[in-house]
Amino acid sequence: MKKQNILALALKPAMRVTESVGIGIVLMLTAAVIAMITPSAVSAAPPCEGPTATRLVTGLVQGAKGSTIGPDGALYVTEGAAGRVSRIDPQTGEKTTFTSGLPTAILSIGGSSIGGPIDVAFIDNIAYVLVTLVDSYVGGTDVDGIYRVDGPDSFTVVADIGAFNVANPPNTQFDVPTGLQYALQTYRGGFLVTDGHLNRVLRVTLDGEITVFIAFDNIVPTGLAVKGNTVYMAEAGPVPHLPESGKVVSFGPKSPTATEVASGARLLVDVEFGGGGSLYALSQGIFPAGSDPATPAEHNTGSLVKVNGDGTFTVITDGLDQPTSLEFIGNTAYFVTLTGEIWKIGGVSCPP
């Protein structure tokens, strides 16, 4: 996400004070300047209102998942059941089709489709889409991997992640050898990809070279964020996704293990940096007792949480309905839901 440039006004001296000017005059001038500046500076600072959630978009296909902020400042959202990526104006909510014709989702779990286009990212103004669960192991005929968008309805597969996973299985238990890729994050001119089924993060170059960046036990890695060389990752935790297993962790390019940053929020699905550089995570909510893995959380139990320096979370907004993906534009958070909506939350970084 690109930071907005802020135009700052600088005070310049109107005259030069020489050594012949007495100290009393200098003090008088200083006091006068302070008196003139202080009231206007205070009155110019807008009040910081608390978080307010507003529905921006309805009508996305059920099961919409990933998102990113494009080079034009708009939101781009994957709609797996429709095999497309939509562009959303973050101010008006106007929705247009950015690209379509991608492999569509085949599976449905807990009443929600899963697979097809699941996340999207841009490198050098070119869009890349992560597609999952469309291969022969789940009854499909397409490639699980990263697709480069060449046009409104044309694509090129740049990385066959499914084939790599079959040839390089993890040490953890799995049912689908091609995996379930979840998040796509740009990193050092290429990508990082989380696999929530095979419990690892892959490094993928634009030439299609794939390597295991870091592997885990059964922790269900989901969303990613990057700051410098450090990667921040959300963990949903294993079923039944208890609060203590919902974590944000960090690691680098040579980290053998991840470092816990914070824990205590249920079924975390994404992590992002917001206004002021603070780190936030998205909790989908309470997992339905006795349900199959990958079943969505119960309705209206999700929350946006802030990562605290002491390793805890602070709830910013709760009652979210099955959120899946989080983005920030300035001080405003945007989240996509499985129910086909996009909401925005203003005033996220206001002090309590």
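1. Let me start at Ser108, which sits in strand β6, residues 107–109. This is a predicted model, so read everything below with that in mind. Ser108 comes out as exposed, because its relative accessible area is 52% and the cut-off for exposed is over 50%. Once neighbours within four places in sequence are set aside, Ser108 is in contact with Ser113 and Ile114. Its side chain also reaches the backbone oxygen of Ser112, at 3.4 Å.

2. Thr295 belongs to the loop between β21 (279–283) and β22 (302–307). Is Thr295 buried or exposed? Thr295 is buried, because its relative accessible area of 12% falls under the 20% cut-off.

3. What does the side chain of Thr295 reach? The backbone oxygen of Asp292, at 2.6 Å. Beyond its neighbours within four places in sequence, Thr295 is in contact with Ile109, Gly110, Phe287 and Pro288.

4. Pro296 is worth a look too, and it is found in that loop between β21 and β22. Pro296 counts as buried, at 7% relative accessibility. Leaving out neighbours within four places in sequence, its contacts are Ile109, Gly110, Ser112, Gln284, Pro288, Gln322 and Leu338. Take Gln322 from that list: Pro296 and Gln322 are 26 residues apart along the chain, and their C-alpha atoms are separated by 6.8 Å. Ile109, Gly110 and Pro288 are also among the contacts of Thr295.

5. Now for the aromatics. The count comes to 9 aromatic pairs. One of them is Tyr280 with Phe328, a tilted pair with 5.0 Å centre to centre and 35 degrees between the planes. Why does this pair tie together parts that are 48 residues apart in sequence? Because Tyr280 lies in strand β21, whereas Phe328 lies in strand β24 (residues 323–329). Both partners are buried: Tyr280 has a relative accessible area of 1%, and Phe328 has 0%. Elsewhere, ring pairs link Tyr187, Phe213, Phe216 and Phe251 into a cluster.

6. On to the nonpolar packing. The largest nonpolar core has 38 residues. Which of them touch the most other members? Those are Ile146, Ile161, Leu184, Phe191, Val193, Val204 and Leu304. Apart from that core lies another one of 14 residues, with Ala225, Tyr232, Ala262 and Val271 among them.

7. Neighbours within four places in sequence aside, Val193 is in contact with Leu130, Ile146, Ile161, Gln181, Ala183, Leu184, Arg200, Val201, Leu202, Val204 and Leu224.

8. A separate spot to check is Pro71, found in the loop between β2 (67–69) and β3 (75–79). Pro71 is partly exposed, with a relative accessible area of 38%. Not counting residues up to four places away in sequence, Pro71 touches Phe122 and Asn125. Pro71 and Asp124 are 53 residues apart in sequence and 8.5 Å apart in space, C-alpha to C-alpha.

9. Stepping back to the whole chain: the secondary structure comes to 2 helices and 26 strands. Of the 352 residues, 48% count as buried. Among contacts with a separation of 6 or more, 47% are accounted for by residues 24 or more positions apart. The accessible surface comes to about 16800 Å², and 54% of that belongs to carbon and sulfur atoms.

10. Last, confidence. The protein averages a pLDDT of 88, and 85% of the residues score at least 70. Where is the pLDDT below 50? Over residues 1–45, a stretch that has 9 contacts in the model beyond near neighbours in sequence.

Note on methods
Residues numbered from 1 in each chain as written. Predicted model: local features only at pLDDT ≥ 70, side-chain atom pairs only at ≥ 80, totals over all residues. Heavy atoms only, no water. Helix = DSSP H or I, 4+ residues; strand = E, 2+ residues; numbered from the N terminus. Buried < 20%, exposed > 50% of the residue type's maximum accessible area, 1.4 Å probe, protein only. Polar contact = N/O pair within 3.5 Å; in protein donor to acceptor, adjacent residues only side chain to side chain. Contact = heavy atoms within 4.5 Å. Areas by Shrake-Rupley, 256 points an atom, 1.4 Å probe, with all protein chains shown as cover. pLDDT = per-residue confidence, 0-100. Core = buried A, V, L, I, M, F, W, Y, C linked by side-chain atoms within 4.5 Å. Phe/Tyr/Trp six-rings, centres within 6.5 Å; stacked < 30°, edge-to-face > 60°.
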